[in-house]
Amino acid sequence: MSENRRYDIDWLRNLGILLLFPFHSARVFDYWDPFYVKSGELSWGLSWFIAVTSYWFMPLLFWLAGSASWYALKRRSNQEYIKDRINRLLTPLIFGVLFIIPPQGYFAKLNHTGAAGNYFTFLRTFFTDFSDLSGYFGTFTPAHLWFILYLFVLSVVALPFFNFYKNPLRKSKIEKFNQVCSRPSVFFLLFIGLFVTQALPAPGGQNPFFFLVIFIMGFITCSHQSYQNMFNRIRGKGLAALVVLVPAWVVLLQMNQDGPIFQGVDILISILRTFNVWLTLAVILGFGHKFLNFPHKAIPYMNEAAFPIYIIHQSVLVVIGYYVLKINLGMILSFFLIMVLTLLISWLIYEFIIKRTAVTRWIFGVKVKPKQDKQIYSDSGLRKS
């Protein structure tokens, strides 16, 4: 693309991280699935909030990660790219699984059984119990860090394709490919490839093949202006279509819970959900480019803070949720208290602990800056980069 920087990608990624706080707070009160801590008082309102956000939420983050890889590989070699993935993803993943995730299992066990014993005794069994990778009842789990695990693996797996796509010798063919695939009639047929991945294995309920397609499409669509032009053109009509298609999918899903309402309904539900994912991402990217493609002084701070806050937020939420539920404040007040306290405490941990030392920055995937990078030159008003 002609733009040197896509501020809308920064905004969408950061707003996506912020959405985690109401989303995971709502998980404490939804009817759909178990969670590490669960209230006895549940809410259909929060359940439907989860239903209409969960289907596109993580795909958007993978799409944006693919877009970020396009820009990363424009200025980095393959070796530099992999090294960056190790520092930004693998290192915090290992640290997170060892130290950040276990409290979720401990408080899950407390919430669901009423007793978990000594925390250090609990750790002896936590790392060896793989019976339920969701971890909602105290077994081993990567929890929300599955996103980081998948992102690291997909970055490595997709790199040969990225190199193939970027090869100057194939420039004319790739140009023709993009011109064809950026036509709405063709682009929206590509969701069929995403649908096919649904038949492939999904460890722990998360399908790596599904997210690989999303990740690669984020890379491709960020590489050529014609895709964004297409998103801009269809965003209004796409939004109008979603107003019909998403409720239709939700109604079918709800009606089908007690058993198939007609033959082949499961396939129809899967097709409709997959197409809604594809269309929703296109609409978000279209409106994001219209309203969010502008610079702001908050972007550098949010870009740096978003990832470590993502890593710690759910453990903070589970602990806070466990104690808030004991106070019996009522569902609405408890939801807002869990959400606000989780956001505040996660930010405080980042601001006053994680960002302050080279070691904590490194283990949470934040770039460790040399001391000279922090110097401000009064004569130019610029930071040395």
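Colleague: How many cavities of 30 Å³ or more does a search of the whole structure find?

Modeller: The search finds 1. This is a predicted model, in which local features need pLDDT of at least 70 and side-chain atom pairs count only at pLDDT 80 or more, while totals for chains, interfaces and linings use all residues. Residues are numbered from 1 along each chain as its sequence is written, and side-chain values use heavy atoms, with hydrogens and water left out.

Colleague: How much space lies in the largest cavity, and how is a volume defined?

Modeller: About 50 Å³. Grid points are joined across faces, edges and corners, and the volume is the space filled by probe spheres set on those points.

Colleague: Which residues lie nearest the centre of the largest cavity?

Modeller: Of the 10 lining residues, Arg6, Ser67, Thr221, Gln228 and Leu285 lie nearest the centre. Helices H2 (44-75), H10 (208-223) and H11 (225-255) each give at least two residues to this lining. A helix here is a DSSP run of H or I of at least four residues, numbered from the N terminus.

Colleague: How is the lining of the largest cavity divided by class?

Modeller: There are 6 nonpolar, 3 polar and 1 charged residues. Ala, Val, Leu, Ile, Met, Phe, Trp, Tyr, Cys and Pro count as nonpolar, Asp, Glu, Lys and Arg as charged, and the others, Gly among them, as polar.

Colleague: Why is the pair arginine 6 and aspartate 8 called a salt bridge?

Modeller: The rule asks for a side-chain nitrogen of Lys or Arg within 4 Å of a carboxyl oxygen of Asp or Glu. The closest N and O atoms of arginine 6 and aspartate 8 are 2.7 Å apart, so the pair qualifies. By this rule the structure has 9 salt bridges.

Colleague: Why do arginine 6 and aspartate 8 count as buried?

Modeller: Buried means under 20% relative accessible area, exposed over 50%, and partly exposed in between, with a 1.4 Å probe and protein chains only. Arginine 6 has 5% and aspartate 8 has 0%, so both count as buried.

Colleague: Which residues are linked with Arg27 in a network of salt bridges?

Modeller: Asp30 and Lys38. The side chains of arginine 27 and aspartate 30 meet at 3.4 Å, N to O, and both residues are buried.

Colleague: Where does Arg27 lie in the second largest pocket?

Modeller: Arg27 is among the residues nearest the centre, with Asp33, Tyr136, Gly205 and Gln206, in a lining of 46 residues. The volume of this pocket is about 1400 Å³. H2 gives the largest share of the lining, 8 residues. By class the lining has 30 nonpolar, 12 polar and 4 charged residues.

Colleague: Why is leucine 60 called buried?

Modeller: Leucine 60, in helix H2, has 4% relative accessibility and therefore counts as buried. Leucine 60 touches Leu281 and Ile284, leaving aside residues up to four places away in sequence; a contact means heavy atoms within 4.5 Å.

Colleague: What makes valine 52 partly exposed?

Modeller: Valine 52 is also in helix H2, and its relative accessible area is 36%, so it is classed as partly exposed.

Colleague: How do you know that the span of H14 is close to the expected one?

Modeller: The expected span is 1.5 Å times one less than the number of residues. H14 has 22 residues and reaches 31 Å from first C-alpha to last, close to the 32 Å expected.

Colleague: What do the buried residues of H14 pack against?

Modeller: They pack against H1, H2 and H13. Thr342 is one of the buried residues of H14; its relative accessibility is 0%, which means that it counts as buried. Threonine 342 touches Phe21, His313, Val316, Leu317 and Ile320, again leaving aside residues up to four places away in sequence.

Colleague: Why does glutamate 351 count as buried?

Modeller: Its relative accessibility is 11%, so glutamate 351 counts as buried. Glutamate 351 also forms a salt bridge with lysine 355, with the closest N and O atoms 3.6 Å apart.

Key. 1 Å grid on protein atoms, 1.4 Å probe; cavity = no way out; pocket = protein on both sides within 12 Å on 5 of 7 lines; lining within 4 Å.
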